[in-house]
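Open the structure in your viewer, have the sequence at hand, and follow the stops below in order.

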Amino acid sequence: MFADGVELAPDAIAAAAQAIRKGGLLGLPTETVYGLGADADNGTAVAGIFAAKGRPNDHPLIVHVASFDGGMSGVSHYAARVPAFAQQLMSAFWPGPLTLILPRRDGVGAAAAGGQNTIGLRCPAHPVAQAVLSALRQPTDGEPVVWGIAAPSANRFGRVSPTTAQHVLDEFADRTDLLILDGGPCDVGIESTIIDCTRGAPVLLRPGAITADQVAAACGRALVTPEELEAQGQATPRASGTLESHYAPNATVRLMDAKALQQALDMLGTDVDKTAKGGPSIAVYSRTAMKTAARQIEQRRMPSDPAVAAHELFSVLRELDALRVKLIWVETPPAGSAWDGVRDRLQRAAA
Ligand code: TXA
Ligand code: MG
């Protein structure tokens, strides 16, 4: 029995491990979002991930490692060095929703790293992900050990990340060869926090459920932003999750504060376009209760707890897309590092 009571067939983990060993792709549940996984040291299999997603193959992927010994044996396989502060972050947050960029050891994970001399490593907390990683590290019948699963989010490039097995199926409906493990809805709901540990100080590349404040407290070091690095003339790494437009639903997303959102609704009056099928063409997703005279508006309340908001964010965007709304008006999340992950995803969805 796994997260949220989902039960897997007893041989599902073995079948998943076998698919990875044979160079295939796997829809893999993690606590953040579902990944599209392959053997991180198999260049052909990793090329299959880039092709399936339509992702440029110089955008590096995150490699997931097993949790025994705190993830350290997987780290030793892929990383050339581990700075002391990175070690402290692994002890504090692994297994969990934190990815660390480390110097890459020569000859390993090259395709997954998109040709960079660094590698992104994460030890996921989801029991299904760990069961697969663990099976791959303890092969029977003399099969080769698989050290890590390269897995970006299991969505087409630039689109909303999947947080259920059904979302993965919706993204890759044409891929009848794709094995998807159902581990239930993802607890966290947005992608891992990414910290670059190759620049002397921790650099926040992508905010997530583990906040910048928590990272700084755990390693006793102040975090640097990519903007600060650029101001010092240092090039920052390419990270597709950090592209300005990303995580985008089909509908156009607009972020407004509560006052501007209410004014926009007031200006609509009672007359609101319907979609071709007669459904609502505008959706509102806000923490604050909004008044509207128009009936043809889909209203959803954003939870006031940032962890709950993150948990449901991508599901809500997908549900609203399924209604074929043209516009999604979202109330800007509050200030403060606890909301950084949700605010970042919404800003990119709106870009
Ligand atoms: O929560 C997550 O991180 C999910 C689950 C499946 O683990 N994975 C995920 O992967 O979000 P993806 O590929 O969608 O995002 C990976 C991000 C990208 O922005 C990528 O550029 C960055 O991590 N990244 C990976 N390796 C890197 C490296 N060596 N240097 C810089 N950025 C890297
Ligand atoms: Mg992604």
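A residue is called buried when its relative accessible area is under 20%, and this cut-off is needed at the first stop of a tour through what is a predicted model.

Select T99, which lies in strand 4, residues 98–103. Its relative accessible area is 0%, and therefore T99 counts as buried. Now show what surrounds T99: leaving aside its neighbours within four places in sequence, this residue is in contact with I62, G120, L121, R122, S192, T193, I194 and I195.

Next, select residues 306–322, which form helix 10. Look along the helix for a kink of about 40 degrees, which is centred on E312.

Go then to the start of helix 10, where a side-chain oxygen of D305 comes to within 2.8 Å of the backbone nitrogen of A307. Beyond the helix comes R324, a residue with a positive phi, near 65 degrees.

Colour the buried residues of helix 10, among them P306, A309, L313, F314, V316 and L320. Which elements do the buried residues of helix 10 pack against? They pack against helix 6 (165–171), strand 11 (282–286), strand 12 (297–301), strand 13 (327–331) and helix 11 (340–350).

For the last stop, select R287 together with W339: R287 lies over the face of W339, at 5.8 Å from the ring centre.

Notes. Residues are numbered from 1 along each chain as its sequence is written. Chains are lettered from A and ligands numbered from 1 in the order in which they are written. This is a predicted model: local features need pLDDT of at least 70, side-chain atom pairs count only at pLDDT 80 or more; totals for chains, interfaces and linings use all residues. Side-chain values use heavy atoms; hydrogens and water are left out. Helices (H or I, at least four residues) and strands (E, at least two) are DSSP runs, numbered from the N terminus. Buried means under 20% relative accessible area, exposed over 50%, partly exposed in between (1.4 Å probe, protein chains only). Contact means heavy atoms within 4.5 Å. The expected span of a helix is 1.5 Å times one less than its number of residues. The bend at a residue is the angle between axes fitted to the seven residues ending there and the seven starting there. A polar contact is a pair of N or O atoms within 3.5 Å; within protein, one must be able to donate a hydrogen and the other to accept it, and residues adjacent in sequence count only if both atoms are side-chain atoms. A charge sits over a ring if NZ of Lys or CZ of Arg is within 6 Å of the ring centre and within 35 degrees of the ring normal.
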